[in-house]
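Trainee: Could you walk me through how to read a few features of a model? I'd like to begin with the surroundings of a ligand.

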Amino acid sequence: MEVKSAYIHIPFCVRICTYCDFNKYFIQNQPVDEYLDCLIKEMQGSKTKVLETVFVGGGTPTALSYEQLKRLLIAITNIFEIKGEFSFEANPDELTLEKVQLLKDFGVNRLSMGVQTFKPELLEILGRTHNTSDIYQAVTNAREVGIPSISLDLMYHLPKQTIDDFKDSLEKALAMDIDHISSYGLILEPKTQFYNMYKKGKLKIPNEDIGEEMYEYLLERMQHSELHQYEISNFGKIGHESEHNKVYWKNEGYYGFGAGASGYVDGERYSNVNPVNHYIKKIKNNERPLLNSTRPTKEEQMEEEMFLGLRMNQGVNKSRFNEKFNLAIETVYGETIGDLIQRELIVDKQGFISMTERGKVIGNVVFESFLLNV
Ligand SMILES: C[S@@+](CC[C@H](N)C(=O)[O-])C[C@H]1O[C@@H](n2cnc3c(N)ncnc32)[C@H](O)[C@@H]1O
Ligand code: SF4
């Protein structure tokens, strides 16, 4: 399996959001320069140097100073030849004209901005650093320097968020003629501030029905926009789908560089250690900065092929399944597929198995059906 993609993790943020359990640390007093040295060293060690997609995420890559960002960009573009998509995650208030010009100068051709909502009260509850006008300014800056593809992240099913609030944020994003939207329902993650508040009875999350209603509205509204759905939570104009994320959903290989990053290389799924200091220490000792590593069995690989592929509207490619596993999909999953088709949760069409609209709303039920040996 040839690796053609890389994920690069920057685990620093200017403020920690109330709901976030990603691998991120408050940037102040962190050894950021030392971290970058180690990250660069890890990337230099990779076998493949020609890549189709690179995604720099976090944490928040734009939390780096201009000089740090420049050093990172010089290193990435010296080490790798990037043939296709070069994406960066960004927070709106940090996307200054200077920083976005720098990104453009080094070939970044896609930005994914963490907007979450346009409503000031909700931005406050989420602990975000930006306000509504920062969102407009960031998009203006990105367009001014000529970034060809701009994506916004929007969250729903938030505390105190009404359906009208969500509709309003979606309209505001669409009114900007944005190229791509990712929209995620809130997941209440343990060890977050939200979770602790919830446990103490100090945070009310709208009930599940509201979350489902918001998602159904999202699907319906996007059908009447230029952004077509191509994955459960992702919508893009033609030519603006995230090529990098499609690598994950097609169950293809990718490198993961940096603290807490995961990768899938030559049949090995691995994750790097999370704490920045552990990561730095391992790299300095010339050790792999591994937290864990597994080699999925053939059965596990088939399950992954289904879970990941079904996330895409296109679905699972039956002939690719056959090529990868040397087995027809019907031989492995014939009964399950028949049952789910009858329940109108999936369809088998033009060589692909994909979820129906109803299937997407209760996606977990569909995914569970594809577990082998339960
Ligand atoms: C981890 S952030 C990294 C990028 C950037 N720092 C930001 O905040 O946008 C990527 C996206 O994950 C989503 N996200 C993070 N925590 C989440 C949670 N608990 N539930 C749902 N979505 C979440 C948000 O939409 C966010 O934009
Ligand atoms: S959501 Fe983004 S900005 Fe907020 S803490 Fe998580 S990674 Fe940092």
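Predicted model: local features only at pLDDT ≥ 70, side-chain atom pairs only at ≥ 80, totals over all residues.

Trainee: How do the residues of the shell around ligand 2 divide into nonpolar, polar and charged?

Mentor: A shell is read by listing residues with a heavy atom within 4 Å of the molecule. Around ligand 2, five of them are nonpolar, three polar and three charged. The shell includes Cys-13, Cys-17 and Cys-20, along with Arg-15, Lys-24 and Arg-128.

Trainee: Thanks! How many cavities of 30 Å³ or more does the structure hold?

Mentor: There is one, and the space in the largest cavity comes to about 40 Å³.

Trainee: Which residues line the largest cavity?

Mentor: Its lining consists of Cys-13, Val-14, Arg-15, Cys-17, Thr-60, Asn-91, Glu-94, Gly-127, Arg-128 and Thr-129. Sorted by class, three are nonpolar, four polar and three charged.

Trainee: Let's turn to a sheet. What is the order of strands in the open sheet of three?

Mentor: Reading across, the order is β12-β13-β14, and the pairing is antiparallel. Strands β12 (262-265) and β14 (290-294) are at the edges; each has a single partner strand, so one side of each has no neighbour in the sheet. From one strand to the next, the twist averages 20°.

Trainee: How many bridges join β13 to β14?

Mentor: Four bridges link β13, residues 268-272, to β14, and the two run antiparallel. To see the pairing on your screen, look for Asn-272, which sits opposite Leu-290 of β14.

Note on methods: Residues numbered from 1 in each chain as written. Chains lettered and ligands numbered in written order. Heavy atoms only, no water. 1 Å grid on protein atoms, 1.4 Å probe; cavity = no way out; pocket = protein on both sides within 12 Å on 5 of 7 lines; lining within 4 Å. Points joined across faces, edges and corners; volume = space filled by probe spheres on them. Nonpolar A, V, L, I, M, F, W, Y, C, P; charged D, E, K, R; others polar. Pairing = 2+ DSSP bridges. Axes fitted to C-alpha atoms, helices over the stretch in contact; angles between N-to-C directions.
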